[in-house]
Structure formats: structure tokens, C-alpha cells
Amino acid sequence: YDVVLFGGTDEGHKIADFLSEQKSVAFVVATEYGAELLDMKNVRVGRMTAEEMADFLTKTGYDWSLT
């Protein structure tokens, strides 16, 4: 994926729609309801701690470090 977007609000969905027209996007939402609102294939459902987010990004191949 070009972009991983953590969201769930109306604004998050608008950003996901916009980005998915131009990039490969993985969208992460906290609830099934949030996933139902999206018309996307690449949706991961479930709340994550900061550590779980870091693990998710690492496993998907992102270099998210600040160094």
C-alpha cells in the first residue's frame, strides 16, 4: 500500500475516498460499523494500541520511524 490511514470519522472517510482514487490505501477503523461505511477492500477493523499500530506498520513494510 502507498498509504495507511487510521480513521473512522466522516473526515477520515472523505480522505480515504480521495486518496484511493490516486493511491493504494489501507484503511484502519475501530469498528465494524466504520468498515461498513467505507467502499474499500483494504479495511482492517479493530482498535489498536500505539504498539499494535507500530507492529501493523512494520508488518506491512512501512518505515514509520522518525530517525
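## Close-up views of a predicted chain

**View 1. The whole chain, end to end.** Welcome to the overview: the chain holds three helices and three strands. The model is a predicted one. Starting at the N terminus, the elements follow the order β-α-β-α-β-α. The C-alpha trace spans about 35 × 25 × 20 Å along the principal axes of the chain. A compact globule with 67 residues would have a radius of gyration near 11 Å, and the 12 Å of the chain agrees with that. Of the 67 residues, 30% are buried. Among contacts with a separation of 6 or more, 23% come from residues 24 or more positions apart.

**View 2. The three-stranded sheet.** Here we look at an open sheet with the strand order S1-S2-S3 and parallel pairing. S1 and strand S3 (43–45) are the edge strands, and each has a single partner strand, so one side of each is left without a neighbour in the sheet. On average, and ignoring direction, neighbouring strands of this sheet are turned by 20 degrees against each other. As a reminder for this view, strands of a sheet pair through backbone hydrogen bonds, in either a parallel or an antiparallel fashion.

**View 3. Where S1 meets S2.** Four bridges link S1 and S2, which pair in the parallel sense.

**View 4. Where S2 meets S3.** On this side, S2 and S3 run parallel and are joined by three bridges. Val28 has Arg44 in S3 opposite to it, while Val29 has Val45 of S3 as its bridge partner.

**View 5. Strand S2 and its side chains.** S2 is mostly covered, with five of its five residues buried. Which residues of S2 point one way, and which the other way? Val25, Phe27 and Val29 point one way, whereas Ala26 and Val28 point the other way, and all are buried.

**View 6. Helix H1 and its buried face.** In helix H1 (residues 10–20), the buried residues are Gly12, His13, Ala16 and Leu19. Viewed down the axis of H1, these buried residues fall within an arc of 130 degrees, so they line one face of the helix. What do the buried residues of H1 pack against? Their packing partners are strand S1 (3–6), strand S2 (25–29) and helix H2 (32–36). Turned away from the buried side of H1 is a face that carries the exposed residues Glu11 and Lys14.

View 7. Let us return to the S2 and S3 pair, which is parallel and has three bridges. H1 packs on the sheet and touches S1 and S2, with its direction making about 165 degrees with that of S2. Helix H3 (residues 50–59) also packs on the sheet. H3 touches S1, S2 and S3, and its direction makes about 160 degrees with that of S1.

View 8. Ala54, Phe56 and Leu57 are the buried residues of H3. Seen down the axis of H3, they fall within an arc of 160 degrees, so they line one face of the helix. What covers these buried residues of H3 includes S1, S2 and S3. The exposed residues Glu51 and Lys59 sit on the face of H3 turned away from its buried side.

**View 9. The stretch after H3.** Our last stop is the segment after H3, where Thr60 lies. Is Thr60 buried or partly exposed? Thr60 is partly exposed, with a relative accessible area of 30%. Thr60 and Ala30 are 30 residues apart along the chain, and their C-alpha atoms are separated by 18 Å. Just after H3, Gly61 adopts a positive phi of about 90 degrees.

Definitions and conventions:
Residues numbered from 1 in each chain as written. Predicted model: local features only at pLDDT ≥ 70, side-chain atom pairs only at ≥ 80, totals over all residues. Heavy atoms only, no water. Buried < 20%, exposed > 50% of the residue type's maximum accessible area, 1.4 Å probe, protein only. Helix = DSSP H or I, 4+ residues; strand = E, 2+ residues; numbered from the N terminus. Arc of directions from axis to C-beta. Contact = heavy atoms within 4.5 Å. Pairing = 2+ DSSP bridges. Axes fitted to C-alpha atoms, helices over the stretch in contact; angles between N-to-C directions. Rg over C-alpha atoms; globule rule 2.2 N^0.38 Å.
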